[in-house]
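This report covers the surface, the overall fold and the pockets of one protein model. The sequence and structure come first.

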Amino acid sequence: MKRIVWTRPAEDWDADQKWLKIEPWLLRLPLTRQVEISPQLPPKPCDAVIVTSKKAVDAFLHKVFLSKEQLQRVEFLTFGLETYKHLLSHNLKARLVAAQGGKEFASLLSCELRKDLVVWFPRPVETAYPISEYLRNYQIEVYDMELYRTEICKQFDPQLIQQLTAGPAIVCLASPQAVKAFVEMIRHYDEARFYRYTPVAIGPSTMASGQSYFLEVFQAAQQTLPALWEKAMEVAREPADLRYR
């Protein structure tokens, strides 16, 4: 079994380990971290809220932008199954849009949303796809609310780097930012053996980012963390081939 590298931020580990199968060959190596920022409240009350991650849901609710009555009335829109379930766990009115990635999500919303709706979009500073800009091109009134930014980790425990570079590895990547962070790290510590690392992406945006650097990138069957892990396990069990020699 090849080593599997889990690169999600350290602050997500408590949630991840509830379902992640802990094995000796699992290496936790956080590549990014989230830093909260204080957004400006949009000038108009919202009819709908777009959320593309559980983290965005939690950050939005933590800031308490809406009253309890408003939260019950507003519709939350997402394309991620885990995010949808998370919304339901908070007893929120949620709609799961059947889309694979932000681009398809934005395209479907542009057809489904009424032009008189006011939409809030709580999000990170950097997004995998410019959903807001796409919707505004269709005269949909969208207000961005930047709640946190993703920073690339610059320093790593030497022991973790030693474990990472000891042999071939399957690397779980859950965002384009994680792809960038991993590439920067490998170019610094192990560029001569770049070929030994096989990325597994959570969705199409991360997949596209990975294909900019790697010859072979695998994608999870669904855009969920459990599916990302399952795909990494599948790839890790495959026999070694010429790319590791």
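## Surface and burial

The accessible surface of the protein comes to about 12500 Å², and carbon and sulfur atoms account for 50% of that area. The model is a predicted one. Of its 245 residues, 49% count as buried, where buried means under 20% relative accessible area.

## Overall fold

The secondary structure consists of ten helices and eleven strands. The radius of gyration is 19 Å, close to the 18 Å that the globule rule gives for 245 residues, so the protein is as compact as a globular protein of that length. The C-alpha trace spans about 60 × 30 × 30 Å along the principal axes of the protein.

Contacts between residues at least 6 apart in sequence were also sorted by separation: 66% of them join residues at least 24 apart.

## Largest pocket

Rolling a probe the size of a water molecule over the atoms shows where empty space is left. The largest pocket has a volume of about 1200 Å³. Its lining is made up of 47 residues, and those nearest the pocket centre are Arg8, Thr52, Ser53, Lys54 and Ala174.

Helix H2 (residues 54-63) supplies the largest share of this lining, with five residues. By residue class, the lining of the largest pocket holds 17 nonpolar, 19 polar and eleven charged residues.

## Second largest pocket

The second largest pocket has a volume of about 150 Å³. Phe79, Gly80, Leu81, Leu96, Val97, Ala98, Ala99, Gln100, Gln222, Gln223 and Thr224 line the second largest pocket. This lining has six nonpolar and five polar residues, with no charged residue.

Notes. Residues numbered from 1 in each chain as written. Predicted model: local features only at pLDDT ≥ 70, side-chain atom pairs only at ≥ 80, totals over all residues. Heavy atoms only, no water. 1 Å grid on protein atoms, 1.4 Å probe; cavity = no way out; pocket = protein on both sides within 12 Å on 5 of 7 lines; lining within 4 Å. Points joined across faces, edges and corners; volume = space filled by probe spheres on them. Helix = DSSP H or I, 4+ residues; strand = E, 2+ residues; numbered from the N terminus. Nonpolar A, V, L, I, M, F, W, Y, C, P; charged D, E, K, R; others polar. Rg over C-alpha atoms; globule rule 2.2 N^0.38 Å. Buried < 20%, exposed > 50% of the residue type's maximum accessible area, 1.4 Å probe, protein only. Contact = heavy atoms within 4.5 Å. Areas by Shrake-Rupley, 256 points an atom, 1.4 Å probe, with all protein chains shown as cover.
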